[in-house]
Amino acid sequence: MAARPTKRTLLLQTARSLFLEHGFVRTSVDTIVAAAGVSKPTFYAHFPTKEALLEAIVQAQVLEAPPSPAFLLTGQFDHDLRAVVRLLWQLALSPDALAWDRIMAGEARRLPALGTLFFNGGPRHLLTLLRDFLHQSAQAGHLHLSDPAEAADFLFGWTLGIPLLQAQLTGQLPSPDDIEARAAEIAQRFRRAYSRPPQESA
């Protein structure tokens with residue numbers, strides 16, 4: 001028989017679900033304690049404010065999240081790059097990721113340390129994996145890169161720019177056909193942009 005979660009864990013789990021479904025601002029402490037089946041004094045015994053609860057949720061998410069899937073090299077670079085584009089979309093356009101984007105967009109200005117924590121545990125981590133993938137691709141002779149981190153930044157922006165903005169503002173997601181077509185186009189353009197040594201590209 002599984003052990004019952006502690007009241008702190010119950011508050012974290014309940015609040016996370018409510019924040020993702022309704023947003024941080026529209027979820028009150030009263031709503032959280034009612035859904036968790038605990039008292040308000042119990043809530044404040046664990047978290048001095050709703051903001052402190054949100055910070056604890058983000059910290060737990062960063063620390064306990066499973067490792068991000070690696071960007072793999074198979075020797076077929078165009079295939080690998082299209083797979084990278086599809087994976088970036090899968091991660092960034094998931095319902096949970098979009099809900100967290102909305103929460104962080106609303107709260108990061110008031111809580112900059114929280115925004116930094118979220119960025120480092122999510123987008124920055126993905127950029128590091130992407131940089132490593134591109135660096136290994138360059139070592140294998142598929143690309144010419146003077147700065148893999150800069151190239152990762154460009155690829156991240158090319159991939160997620162408008163589709164992510166559209167999803168955040170309208171809820172409209174690219175279709176599977178759109179994803180495949182855009183993945184192929186991005187892979188082709190990116191490879192072309194980095195197919196020659198930088199001094200020969202001018």
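This is a predicted model: local features need pLDDT of at least 70, side-chain atom pairs count only at pLDDT 80 or more; totals for chains, interfaces and linings use all residues.
Let me begin with the second largest pocket, whose volume comes to about 170 Å³. By pocket I mean, on a 1 Å grid over the protein atoms alone, an open set of points where a 1.4 Å probe fits, with protein on both sides within 12 Å along at least five of seven lines, and lining residues are those with an atom within 4 Å of a point. The volume itself is the space filled by probe spheres set on the points, which are joined across faces, edges and corners. Rolling a probe the size of a water molecule over the atoms shows where empty space is left.

Residues are numbered from 1 along each chain as its sequence is written, and side-chain values use heavy atoms, with hydrogens and water left out.

Returning to the pocket, its lining consists of 13 residues, and those that lie nearest the centre are H22, G23, F24, R102 and I103. Helix 1 (7-22) and helix 6 (95-107) each supply at least two residues of that lining, and helix 6 gives the most, with five. Helices here are DSSP runs of H or I of at least four residues, and strands are runs of E of at least two, numbered from the N terminus.

Now the chain as a whole. The protein chain has 10 helices and zero strands, and its C-alpha trace spans about 65 × 40 × 30 Å along the principal axes. Of its 202 residues, 34% are buried, meaning under 20% relative accessible area, with exposed over 50% and partly exposed in between, for a 1.4 Å probe and protein chains only. Contact means heavy atoms within 4.5 Å, and among contacts between residues at least 6 apart in sequence, 70% join residues at least 24 apart. The chain exposes about 11,800 Å², of which carbon and sulfur atoms supply 55%, the areas coming from the Shrake-Rupley method with a 1.4 Å probe.

What about the interior? In soluble globular proteins, nonpolar side chains tend to be buried together. A nonpolar core is a set of buried Ala, Val, Leu, Ile, Met, Phe, Trp, Tyr and Cys residues joined through side-chain atoms within 4.5 Å. The largest such core has 30 residues, of which F71, L88, L130, F133, L134, L155 and F190 touch the most other members. Helix 5 (77-92), helix 8 (123-139), helix 9 (148-170) and helix 10 (176-193) are the elements that give two or more residues to this core, and helix 5 gives the most, with eight. A second, separate core of 25 residues includes L12, F43, I57 and F118.

From L53 to F43, 10 residues away in sequence, the C-alpha distance is 9.3 Å.

T42, in helix 3 (residues 40-46), is buried with a relative accessible area of 17%, and T42 is in contact with K7 and L11. F118, in helix 7 (residues 112-121), is buried as well, at 18%, and F118 touches V58, Q61, W100, D101, M104 and P123.

Is G37, finally, buried or exposed? G37, in the loop between helix 2 (29-36) and helix 3, is exposed, because its relative accessible area is 64%. The C-alpha atoms of G37 and W158, 121 residues apart along the chain, are separated by 45 Å.

Key:
Lists of a residue's contacts leave out its neighbours within four places in sequence.
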